[in-house]
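Here is a short briefing to read with the sequence and the model side by side. Please keep both in view as you go through the points.

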Amino acid sequence: MRRVKSLVLFASLLAASTAAAGAEINVVVSIKPLHSLVASVMKGAGEPGLIVEGAASPHTYSLKPSQAAMLEKADLVFWVGHELEAFLEKPLETLASKAKSVELIDASDLVKLPLREGGPFEKHGHGGDGHDDHAQEAQHDHDHEKPEETGHGGHDHGAFDAHVWLDPVNAKAMVHEIAEALIEADTANKEKYAANAADLMQRLDALRAEIAAQLEPVRGKGFIVFHDAYQYFENRFGVPASGSITVSPEVMPGAERVTEIRKRVKELGAACVFAEPQFESKLVATVTEGTNARTGVLDPEGGSLDPSQDLYFKLLRNLSTSVRDCLTRGS
């Protein structure tokens, strides 16, 4: 009888151990582009949850009860950082206090560009793909030379543009960070995470080459964006915007400002002015009224796309196609 009880106990412990080993970790991701990268690294091992859904913007997002519950169960949370998803700061401290929080703006080897503070129509120089790598590396090195000057343990996020995912080279740096965090949290699937990450890195290299070739014919043609969110994309592919309607999407320009922008669009001879799906497109129509500028739509966060492993690739290709098509229309 004692032997039977021992066998039953052993079987129960074995079953519990097996279940624990096969249990999926709970992973939550803030925005769609990051969710796509995390989902690709997790392929075959689990599905991450997503917080900012649909066409919502992380700049103005409010957490839903279902998402609060998701954070409470999380083992790992991936987000860009407080500069982009300020709404997540408190929930991560309270609801997700047991989870490991990974700010991908802190990823090793990530190139961070300073915020452009000289106004929407300040002229910016961009080297383009293959022409500005040394400048970017110098910026990266400088970021880490003097941690004592920053107020965040060596990272002063407020000094940098947070739209880091719009450069596929940065996406590779984030994939490395994502894979490391997943392997640490779920060693049972470490080979799967490592293989998926390696495959994703190769696809990102191919994407970079594809977009560089697609945009080569339109380098140097002027365009205006809704808000100043694209400098990583501009810098990587050598297609600098002439300016933006607003630096921050939360701050809409007044009538006087719109008149000034319209005048500058004419002066600059901008070929295109781009709206975004999350924000008021009528403003773009007002800005282009009486000018020869065409209009288009850029979607930097994938608001119009369904979450998937391929979303990141669709997002970057859509940006490239929109810029190319608008700038070549009628030429």
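Helices (H or I, at least four residues) and strands (E, at least two) are DSSP runs, numbered from the N terminus. His35 has its place in helix α2. This is a predicted model, in which local features need pLDDT of at least 70 and side-chain atom pairs count only at pLDDT 80 or more, while totals for chains, interfaces and linings use all residues. Residues are numbered from 1 along each chain as its sequence is written, and side-chain values use heavy atoms, with hydrogens and water left out.

**The chain as a whole**

- The protein chain holds 11 helices and 8 strands.
- Of its 331 residues, 48% are buried; buried means under 20% relative accessible area, exposed over 50%, and partly exposed in between (1.4 Å probe, protein chains only).
- Among contacts in the protein chain with a separation of 6 or more, 69% join residues 24 or more positions apart; contact means heavy atoms within 4.5 Å.

- His35 counts as buried because its relative accessibility is 7%.
- Beyond its neighbours within four places in sequence, His35 is in contact with Val29, Pro48, Gly49, Leu50 and Pro307.
- Since 10 of the 10 residues of α2 are buried, α2 is largely enclosed by the rest of the structure.
- The buried residues of α2 include Lys32, Leu34, His35, Leu37 and Val41.
- Packed against the buried residues of α2 are the strands β1 (27-29), β2 (49-50) and β3 (76-79), together with the helices α6, α7 and α11.

**The sheet β2-β1-β3-β4**

- Four strands make an open sheet in the order β2-β1-β3-β4, and the pairing is parallel. Two strands pair if DSSP finds at least two bridges between them.
- β2 and β4 stand at the edges with a single partner strand each, so one side of each has no neighbour in the sheet.
- β1 and β2 pair over 2 bridges in the parallel sense, and Leu50 in β2 is the bridge partner of Val29.
- α2 packs on this sheet, touching β1, β2 and β3, and its direction makes about 145 degrees with that of β1. Axes are lines fitted to C-alpha atoms, for helices over the stretch in contact, and angles run from 0 to 180 degrees between N-to-C directions.
- α6 also packs on the sheet, where it touches β1, β3 and β4; its direction makes about 175 degrees with that of β3.
- β1 and β3 run parallel and are joined by 3 bridges, with Val29 standing opposite Phe78 in β3.
- Strand β4 (residues 100-103) pairs with β3 over 4 bridges in the parallel sense; Lys100 in β4 is the bridge partner of Leu76.
- β3 is covered on both faces, with Leu76 and Phe78 buried on one side and Val77 and Trp79 buried on the other.

**The sheet β6-β5-β7-β8**

- Another open sheet has 4 strands in the order β6-β5-β7-β8, with parallel pairing.
- The edge strands of this sheet are β6 (243-246) and β8 (294-297), each of which pairs on one side only.
- On average, neighbouring strands here are turned by 25 degrees against each other, direction ignored.
- Strand β5 (residues 223-227) runs parallel to β6 and is joined to it by 3 bridges; His227 stands opposite Thr246 in β6.
- Helix α9 (residues 255-268) packs on the sheet and touches β5, β6 and β7 (272-275), its direction making about 165 degrees with that of β6.

- α7 (residues 190-215) has 26 residues and reaches 37 Å from its first C-alpha to its last, close to the expected 38 Å. That expected span is 1.5 Å times one less than the number of residues.
- Among the buried residues of α7 are Tyr193, Asn196, Leu200, Leu204 and Ile211.
- Cover for the buried residues of α7 includes α2 (32-41), α6 (168-185), α8 (231-237) and α11 (311-328).
- The axes of α7 and α11 lie 10 Å apart, at an angle of about 5 degrees.
- α7 and α11 are therefore roughly parallel to each other (angles under 35 degrees count as roughly parallel, over 145 as roughly antiparallel, 65 to 115 as roughly perpendicular and the rest as oblique).
- Residues making this contact include Leu200, Leu204 and Leu207 of α7 and Phe313, Leu316 and Val323 of α11.
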